[in-house]
Amino acid sequence: MSGKLNRREFLKALGVSGAAGATLAGCDLPSTITLEEGKEEVVSYFMPEEYVVPGVGVWYASTCTQCTAGCGIHGRVREGRILKVEGNPDAPVNAGKTCQMGQAGVQGHYNPDRITSPMMRDGGGLVAISWDKAEAMLTEKLAGASGDRIAWVTGTVSGHQRVMIENFMEATGAKHHYVHEVVNNRVWESVCQDMLGDANARLRIDKADVVLSLGADFMGASSSPVLYARQYAEFRRGKRGTLIQVEGKMTMTGGSADLWVPIRPGTEGALALGLANYLLRKGDVDGSVVSAELRKRIDEFTVERAAEITGVSGDRIQRIGKVLRDRRPSLVIPGAAVQGQEFGYQATAAIMALNILLGNVGKTIEPGFDVPLKQLQAKTGGTGDLVRFAENVKNKQLDVVLFYGANPVYTAPIALGFRDFLGSVPFKVALSTFPDETVMQADLVLPVASAMEDWGTHMAVNSGEQPVLGVQQPLMEKLYADTRGFGDILLGMLKQKKPDTYGQYADFYAYLSNALVAMKDSSVSVQTTPKAFWEEALQNGQVGVKAPVKKFAVKTFDVQIPDHQADAEFPLALMPTARMGLFDGRHANLPWLQESPDQIAKVVWDSWAELHPITAAKYGIKEGDLIRIESANGAITTTAYLFKGMHQEAIAVPLGQGHSDYGRYARGRGVNPLTLLDARVDAKTGELAMYATRVKIVRTDETKDIVRLGASDVQMGRGFVRTVSVDTLRRTEGA
Amino acid sequence: MSLQNIMENWSNYRRGAEEGGHHKYEHRWGMAINLDLCIGCNACSTACYAENNLAVVGKSRFAKGQAMHWLRVERYWDESQNKSSSVTPDYPEEGASFLPMMCQQCNSATCEPVCPVAATYHTPDGLNAQVYNRCIGSRYCSNNCPYRNRYFNFFSYYESSWPEPLNLQLNPDLTVRDKGVMEKCTFCVQRIRAAKDKAKMADRKVQDGEFTTACAQACPTGAIVFGDRLDETSKVAKLWQQHEVKLGVYKQHKQNPEKRGYRIFEELNVDPSVMYLERVRDTGI
Amino acid sequence: MIEKDIDEQIKWAKINADVLRSMENPRRAYWITFFICIAMMACAVTAEIYQYNTGMGVTNLNNPHMWDMYIASFVFWIGMSHSGTLLSAILHIIHADWRKPIYRFAEAMTTFSLMTAGFFPMIHLGRVWNLYWVLPYVSDRGAWPNFRSPLVWDAFAISTYLSASMLFLFIGMIPDLAICRDNARGWRRKLYTVLSLGWIGSDRQWRNFRKTYLLMACFLIPLAVSVHSIVSSDFAMSIMPGWHVTSFPPYFVAGALYSGCAAIITLFVMLRYYFRFEEYMTVAIMEKTAKLTFAIAMVWTYLNLIEFASTWYGHDIYAKELLIAKAVGPYSWIFWTMLFCGMVVPFALAVEKFRRHMPTMFVVSLLLNLSMYFERWMIVAPTLSMSHDPHQWDIMWPSIVQWAIVFGSFGWFGLLFLVFVKVFPSVSMYEVKEMVFHRRRLINEDAAKVYSRRARDRKDATGEPELEGA
Amino acid sequence: MEIAVNQYRVDYQRRGEIVRRLALAIMFVVAASLPVVGWSAAADPIPPVGTYDGIDVEQPIEFPHNVHVDVNKINCMYCHTYARRSKVAGIPPTSKCMGCHKIIATDKPRIQKLTEYWQKKQSPPWKKVHDLPDFVHFTHERHLKRFVFDRDYPVEDVKDICAFCHGQIKDMTVAHKVKPLNMGWCKSCHEANGGPGDCWKCHK
């Protein structure tokens with residue numbers, strides 16, 4: 001019996017019903033009566049692996065797909081059920097740690113609202129159909145469309161999922177692949193590309209002595225929260241670095257800052273220039289590393305001017321500047337609010353220039369790895385592709401659209417006009433695990449196996465010190481027989497198109513094992529035989545990739561930062577912040593994350609709008625009042641939550657809620673601020689300027705209690721959280 | 001707590017915590033939580049839900065205060081004591097204060113003596129045990145917990161919290177508690193049990209780092225350290241020692257005022273097994 | 001003017017007739033009250049079934065508030081039970097014979113409030129079907145209750161007190177039951193025959209009876225005091241601010257006597273009105289009861305103030321915070337109502353005019369008991385709302401389920417009492433006769449002295465005063 | 001008592017009961033005369049006392065334990081192989097059954113039924129006979145270590161140790177519950193053999 005079959009049969013369960021350790025402690029009649037014989041079924045394994053022992057958990061390595069960070073995980077499997085996810089200690093991204101989204105992955109797998117069979121649109125609704133019919137339909141439609149009228153819309157894809165999509169595109173002649181992620185770093189990546197010559201420059205928070213985060217929620221909703229949280233721990237542990245957070249709304253990361261400074265949202269670039277100006281004026285940095293035009297621009301942005309634009313006092317800017325001057329290396333990180341502006345590229349470039357001036361490049365910003373297998377690298381998403389996709393939909397240039405890992409019906413702003421025109425696309429196919437909003441609009445729905453039932457590989461954009469290809473392997477047998485792995489679905493299509501190339505593979509598993517073994521030479525593995533290599537890959541959940549570190553080619557150029565202009569009609573800046581937990585809304589169907597309080601506001605199960613108490617007082621708003629937030633594109637009504645971690649000219653509404661579908665836990669809960677956004681884009685990169693929308697607020701007469709954890713925001717002198725100043729600490733711990 | 005047990009060990013039971021309590025401890029599981037590293041991300045809390053079959057109660061019951069989070073991350077806006085200004089500032093310039101709060105496994109626990117049926121008691125491992133099946137739901141223990149870390153099953157959550165097939169995720173190593181039962185953080189006793197069984201099978205002692213609690217394992221910054229304080233080589237014992245936190249006292253008399261360890265509500269003489277390390281803030285900017 | 005407690009010229013046959021009359025032919029008002037009580041109980045039963053099936057959560061209890069009205073009601077009813085038996089026993093020992101017309105119903109009240117109180121710990125248990133685990137019994141599991149827990153002490157104390165008070169009530173009733181037996185027919189006769197234990201009123205029986213009764217009274221006084229002290233230790237033994245109070249045992253006992261006395265006044269007025277017992281439950285006795293109540297009210301007031309003072313000047317900042325929160329927080333209206341009704345209203349009892357006015361006394365007694373209920377609730381709820389950890393502070397108001405059950409408990413109590421007054425003599429016939437007899441003897445002795453003096457002085461005495469035969 | 005459910009039990013009861021009781025009584029006396037304190041972990045065990053008359057459970061295949069254990073002398077742990085390394089003894093995987101029954105006794109109707117399952121790639125849906133409530137943590141491996149391996153007890157006789165809790169399975173076809181498996185019963189054995197007395201050892 002081949003290893004392969006064994007591996008795949010391992011999940012024959014010992015009594016899923018019998019051993020579900022889930023009976024209730026309350027049902028205890030005297031114990032002799034409870035112990036009834038013959039009531040429970042106990043199904044033995046059919047043909048288990050030697051190491052599978054009932055009653056003992058077995059840990060299988062895999063890769064987390066809850067966000068795009070690509071953490072390595074270990075899944076605890078007992079009696080054929082995946083019970084718990086822990087971090088893979090060998091994974092360079094997370095080193096055994098997990099975030100709450102990773103922990104909740106199992107709830108996605110066991111979600112009661114999964115799609116269990118293929119469906120097609122019949123009249124108004126979706127009806128279940130067979131796979132044969134679904135495949136025939138898809139083949140027919142694909143054959144009838146020319147390649148430039150077929151499009152993929154996906155989230156960030158990497159590894160062999162990306163390879164399969166590209167194979168598919170090649171086979172069908174499809175020309176478009178839109179990669180859409182709401183939480184993204186696209187502007188930063190293009191700045192890195194343009195200024196450093198490497199889009200995948202890696203942040204090294206752990207190596208910094210001072211981190212100036214301009215709205216970057218790097219430990220919360222970021223491209224790799226666990227990696228940065230780990231780096232942060234290192235940063236705090238040894239020499240005890242200082243985190244300065246300057247932002248319009250206090251993010252989770254801001255909550256851990258030594259100094260938190262509110263700034264007028266969108267003006268962070270001016271602050272960076274102001275700081276550069278201060279540093280150059282003090283003469284502690286080498287001005288020659290930046291171009292003459294930029295130098296001139298920096299000279300224009302005096303601290304006073306920066307103070308005027310940003311609303312941060314000049315004194316404060318100077319004191320931050322002093323810290324940056326005194327303590328090296330430092331790191332300045334731009335967040336989503338910086339990048340999501342019409343001049344987001346310019347502002348981000350200004351921040352990069354500050355890093356260059358401070359000499360951080362090469363120290364705390366390290367070049368990425370030159371991975372030999374380009375086709376496996378992550379194709380990172382952004383919002384620019386969404387804009388372009390919407391444009392094409394509007395212009396009726398697409399006949400067949402395939403959605404996977406993206407939910408644009410939910411995430412697209414109304415102003416893009418996309419929702420109105422999607423209906424005009426003749427054939428929309430959704431490959432999805434959950435019935436999200438896009439699925440509800442689709443003409444054909446293909447049920448994708450959950451991440452814990454599927455094969456795949458993932459390559460993290462930033463995997464710390466060692467580039468790896470994370471292997472995703474099933475942790476459990478399929479819950480629903482009629483679902484299929486993403487790779488299997490695509491392979492099925494490919495087999496029809498190109499039987500001679502793909503016919504040799506029985507399934508995606510065969511394809512993947514083949515493909516992985518083929519890359520043995522680019523890996524750091526010392527295994528000699530393909531079988532051993534494959535088994536090692538499965539055991540480790542990853543394959544280390546041999547890759548030299550790239551080199552930076554630093555180049556600077558002039559940046560254009562506009563002055564701040566007040567808007568009389570829409571006085572407040574809307575900050576649609578993603579948060580660790582529900583993220584961009586993709587995890588709203590996981591009850592653990594719905595019940596897990598927001599890290600800062602501590603609200604559960606709902607949406608809310610964050611306002612500074614002073615701003616609120618201006619409008620006569622009290623906490624719990626329902627307020628209408630109006631932009632030029634529409635309005636949403638939600639509950640006001642007042643707290644001081646806000647700039648007075650901003651209002652923040654967290655992302656994640658406001659689903660009209662997406663299962664019982666998400667549906668009809670809260671509001672989606674993305675709907676309000678203007679269709680403005682960053683001039684350079686074409687990314688949606690997500691933080692550029694301005695709104696006004698109107699108090700309604702209604703109130704609605706916010707459901708929050710915790711009655712008191714203050715400790716009332718109880719000394720729960722005690723604080724010591726870093727000076728005191730330095731005096732003692734050094735000794 | 002049988003009658004015979006009481007009679008035999010009467011004088012032992014009268015020993016105070018400062019004399020090591022009445023147990024011959026096999027282990028004394030404890031924690032050290034570094035608040036400087038805690039970023040308030042809730043990974044620990046969600047990991048606890050996943051490990052310990054915690055019920056998701058839903059919005060309306062959460063609003064009523066009937067949530068079941070054994071480990072809650074509290075968030076405070078207090079300015080640190082370093083600032084002497086009495087004016088409340090307009091912005092939380094020192095960020096937030098996060099506090100992961102779980103059962104403190106007190107060595108002189110207030111919950112233990114009040115349980116009428118001894119469903120909660122002190123184990124030879126230094127834990128506050130809660131025997132679910134013995135609990136009759138008088139809820140006195142929860143009333144008497146100054147940390148408010150005991151959670152009561154006000155409803156039967158089996159159907160509402162784990163609709164099929166979510167119930168397949170339930171950890172078979174511990175029960176799902178039905179209505180009328182008190183529950184609380186157990187320091188992942190099922191993991192302790194498994195590790196001890198494993199060690200016993202190999203005729204050795206449990207080693208430090210062999211296992212940890214779900215919260216400590218998940219914590220991205222490693223702020224939570226769990227281990228056996230009787231094992232002097234363990235990380236947690238070293239931390240307690242390094243920060244000069246002593247057991248069995250209700251006030252720490254530290255020679256060096258800058259040692260960061262402290263325990264919450266120590267003055268109530270409950271002798272908790274969780275030590276927190278003070279948050280550090282650079283206030284000189 | 002010194003008023004007579006009872007008209008000593010009352011005929012013994014009339015006593016019998018009056019009391020026995022009260023036991024038969026319920027009037028319409030009786031039935032209306034009876035069915036109101038049934039309806040109240042039905043509310044409670046419905047609520048309890050709902051709560052049992054759904055879980056304790058329907059009561060609005062939550063993480064800080066694990067206890068609420070059920071426990072407050074439990075303490076209230078336990079308190080209510082105190083004056084009947086305790087006062088009866090004390091007054092018996094000190095030969096305060098004005099107790100005699102009113103002690104029977106007061107003792108019945110004790111028993112019934114205990115029977116009501118006993119329900120609450122059960123209703124409030126999460127898993128009531130395991131209630132028996134609090135009792136020490138030998139089983140192969142070798143599991144015993146936790147003898148350190150005040151809740152276990154409660155179980156012992158209450159069951160002891162309940163059985164002792166029932167016994168006390170029953171023993172005191174035996175001679176009356178014999179009277180009933182002699183006057184009854186049908187099932188009543190059978191019942192009384194059994195219950196009167198062959199009482200024929202022989203000297204030996206009387207001698208044994210008196211001894212037993214005295215012994216029971218002596219036994220009951222410390223028992224009753226201990227019971228409420230133990231109930232107070234449910235709170236005092238805990239660590240919570242506002243509960244961890246040294247003066248709780250006497251405070252609870254005082255509160256118990258207070259509410260019990262107030263309840264006696266309430267029932268006094270009601271029985272006097274319902275059964276036309278004006279000749280037995282006289283204004284003079286009411287006055288004495290009211291004076292006693294006033295004294296107890298002052299003790300309670302004092303203990304209350306002492307508690308406040310010791311908290312205020314004490315070292316426990318949590319308790320101090322809580323005290324302030326009680327006074328100015330969301331529960332303040334209850335706090336001040338309690339203090340007003342418990343400390344100020346009793347001064348009405350110091351006014352003779354009010355004491356003698358039955359409707360006023362009725363209202364005052366209700367207010368006093370309202371205060372006592374609030375007091376219990378103010379002990380239970382605010383501590384849980386605002387204890388050590390401000391993160392878990394919460395203000396909670398009980399749900400309709402709690403209200404229904406507490407409401408129904410009054411129905412249950414009323415029902416028991418209504419059945420009692422129709423089945424058993426609610427005024428002790430033999431003791432009223434004793435009282436009358438003693439009064440007469442005193443009068444006779446006084447008269448004899450006067451007459452003999454006169455005889456000595458004037459030597460023209462006209463003869464003995466007329467004496468009525470038994 | 002005499003209205004027995006199957007002949008093996010009747011035989012067992014007639015032959016075994018008196019002897020067993022006697023043996024128990026003797027052991028009791030011996031146990032009582034020994035100091036309980038300082039009882040070494042490897043001391044000879046005192047089996048728990050108590051019987052229970054369980055119901056007959058209908059299994060998908062009427063598995064003859066007696067043939068396997070008594071006639072063919074197969075060790076319990078040959079099939080219930082997980083007992084020594086897991087908390088559950090485990091029902092043997094179907095592949096294990098087929099390991100022998102591809103060849104042995106293939107003409108018997110029971111085996112044919114088994115072969116049917118095997119061909120369908122299914123496991124027979126066995127019914128649980130010895131069940132514990134879900135709030136109880138019981139581990140076979142620790143008990144086997146204590147009663148077999150730590151005492152150097154001959155492993156081939158392990159069935160007599162298994163019989164402490166499962167009765168004389170060798171005399172049954174389908175397993176039949178003959179011990180109460182309730183708390184008092186467990187506890188009596190723990191007390192007699194110095195097993196752990198901490199609630200949390202067994203309650204979860």
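This is a predicted model: local features need pLDDT of at least 70, side-chain atom pairs count only at pLDDT 80 or more; totals for chains, interfaces and linings use all residues.

I began with chain C: buried residues make up 48% of its 470 residues. I call a residue buried if 20 or more other C-beta atoms lie within 10 Å of its own, exposed if 12 or fewer, and partly exposed in between, with C-beta atoms placed from the backbone. Residues are numbered from 1 along each chain as its sequence is written, and chains are lettered from A and ligands numbered from 1 in the order in which they are written.

**Chain C overall**

I looked up the secondary structure and found 16 helices and zero strands in chain C. Helices (H or I, at least four residues) and strands (E, at least two) are DSSP runs, numbered from the N terminus. The radius of gyration of chain C is 25 Å, close to the 23 Å from the globule rule for 470 residues, so chain C is as compact as a globular protein of that length. That radius is taken over C-alpha atoms, and the rule is 2.2 Å times the number of residues to the power 0.38. Along the principal axes, the C-alpha atoms of chain C fill a box of roughly 90 × 50 × 45 Å. I also checked contacts in chain C between residues at least 6 apart in sequence: 80% of them join residues at least 24 apart. A contact here has the two C-beta atoms, placed from the backbone, within 7 Å.

**Domains of chain C**

The assignment, which is an automatic or database one, gives domain 1 (65-399) and domain 2 (428-470). Their C-alpha centres lie 41 Å apart. I found 10 residues of domain 1 of chain C in contact with eight of domain 2 of chain C. On the domain 1 side, α4 (103-117) and α6 (150-183) of chain C are the elements that give two or more residues. The largest share, four residues, comes from α6(C).

**Where chains A and B meet**

How many residues does each chain bring to the contact? Chain B brings 79 and chain A brings 85. On the side of chain B that touches chain A, α3(B) gives the most, with seven residues. By class, that side has 36 nonpolar, 22 polar and 21 charged residues. My classes: Ala, Val, Leu, Ile, Met, Phe, Trp, Tyr, Cys and Pro are nonpolar, Asp, Glu, Lys and Arg are charged, and the others, Gly among them, are polar.

Strands cross over between the chains too: β27 (residues 723-725) of chain A runs parallel to β11(B), joined by three bridges. Strands count as paired if DSSP finds at least two bridges between them. A:Val724 stands opposite B:Val280 in β11(B).

**A strand pair inside chain A**

Next I looked at β11 (residues 242-247) of chain A, which runs parallel to β12(A) with four bridges. A:Ile244 stands opposite A:Leu259 in β12(A). Is β12 (residues 259-262) of chain A covered on one side or both? Both faces are covered: A:Leu259 and A:Val261 are buried on one side, A:Trp260 and A:Pro262 on the other. In a regular strand the side chains alternate between the two faces of the sheet.
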